[in-house]
Amino acid sequence: METPLLSVEDLVVHFPTNEGVVEAVSGVSYDVRRGETVAVVGESGCGKSVTALALLGLVPPPGRIVRGAIRLEGESLLEATPERLREIRGDDVAMIFQEPMTSLNPVFRVGDQIAEVLQTHRDATGDAARAEVIRLLGLVGIADPEQRIDEYPHQLSGGMRQRVMIAMALACGPKLLIADEPTTALDVTVQAQVLDLLRRLQRALATAVLLITHDLGVVAEVAHRVVVMYAGRVVERGTTRAIFARPRHPYTAGLFRSLPRLGVDEPLRPIEGSVPDALRFPPGCRFHPRCPYAMPVCREKVPDLAQRPAKEPAANDAAEPHVSACFYVDEHPDVDLFAFAKPEAT
């Protein structure tokens, strides 16, 4: 089997505080293959962005990686020197942050900010750098790049600023692009344009994409595989097709139930309760206080992430196991989690 471009194994990230230790990421594992898009989804605070920052060695202090392995083409990033990580960032791996207005420096022209990446990683300066910046701005669909190159971030719309961030991320032709909520601050029309741009660029450049998002609509549009996180843990993982057809964890099903569905005339049902305090995670399955299917064992033991039985394994791919962490699905393989109705007795 081909070695994954990116491999994350049993990643644990802690943030010490005056009140105790926040375990922001708890044993997260997944792979990203060359040229594919993997979406990491979940509610705010589930550990999605911290996981992404850990990949680049950018976990803000006092946070620290307690254990785990992160490998890029087999090379351990956790054992890399600071100098080697700086080489990797922007060159092999680049990141698009969710709010371009806070990521771009307001006192420098956008062209100069992109050119800085080229100077750092490609030793490109002067006319050569300017020509490449103009090419990149045109590549991401910015009209009149010869004019826009000399403008400041505040002179651009939100969608154009996001395109500048994409151009900056693609400047050195990275093998992996991490997109952290890239459409959150954009209106629906611009969101669609940015997603279409990412799809086209990925096909043209064969870049793998790790998409961090809470928007399942975005996931359906662009992702090949999905990693569902809740309270720092992975609760479900599989192909987009399999997870959308038959979710095997109540939390994933709850995310779907909270969204409008075409042709389904029923009120939206949000997941009851709230995400647990990261300083006081409940024992056992961390979702059990909000889960209508919770059984006594769910309150006591942590379910393994494994293939769950299903009488009708919808769209399962033998090469990509559909795994989840749920005791109830073990005992009730035919349950339709889309119903999300509380059983009569458990």
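Biologist: Which elements each supply at least two residues of the lining of the largest pocket?
Modeller: Three do: strand β6 (93-96) and the helices α4 (110-122) and α7 (158-170). A pocket is an open set of points on a 1 Å grid where a 1.4 Å probe fits, with protein on both sides within 12 Å along at least five of seven lines; lining residues have an atom within 4 Å of a point. Helices (H or I, at least four residues) and strands (E, at least two) are DSSP runs. This is a predicted model, where local features need pLDDT of at least 70, side-chain atom pairs count only at pLDDT 80 or more, and totals for chains, interfaces and linings use all residues. Residues are numbered from 1 along each chain, and side-chain values use heavy atoms, without hydrogens and water.

Biologist: Which one gives the most to that lining?
Modeller: That is α4, which contributes five residues to the lining of the largest pocket.

Biologist: And which residues lie nearest the centre of the largest pocket?
Modeller: Of its 19 lining residues, G90, M95, F97, V117 and M168 lie nearest the centre.

Biologist: What about the largest nonpolar core, how many residues has it?
Modeller: It has 71 residues, and those with the most contacts inside it are I114, L137, V164, I166, L177 and Y251. Such a core joins buried Ala, Val, Leu, Ile, Met, Phe, Trp, Tyr and Cys residues through side-chain atoms within 4.5 Å. Helix α7 gives the most to this core, with eight residues. Another core lies apart from it and has 38 residues, including V22, Y30, L210 and M229.

Biologist: What is L177 in contact with?
Modeller: Leaving aside neighbours within four places in sequence, L177 is in contact (heavy atoms within 4.5 Å) with residues including A94, I96, A169, L198 and V209.

Biologist: Switching to loops. Where is T183, and is it buried or exposed?
Modeller: T183 sits in the loop between β7 (176-180) and α8 (188-205). Its relative accessibility is 7%, so T183 counts as buried. Leaving aside neighbours within four places in sequence, T183 is in contact with Q191, V194, L195 and V218.

Biologist: Which loop holds A223?
Modeller: The one between α9 (216-222) and β9 (225-230). A223 is buried too, with a relative accessible area of 10%. Beyond neighbours within four places in sequence, A223 is in contact with T37, A39 and T240.

Technical notes. Buried means under 20% relative accessible area, exposed over 50%, partly exposed in between (1.4 Å probe, protein chains only).
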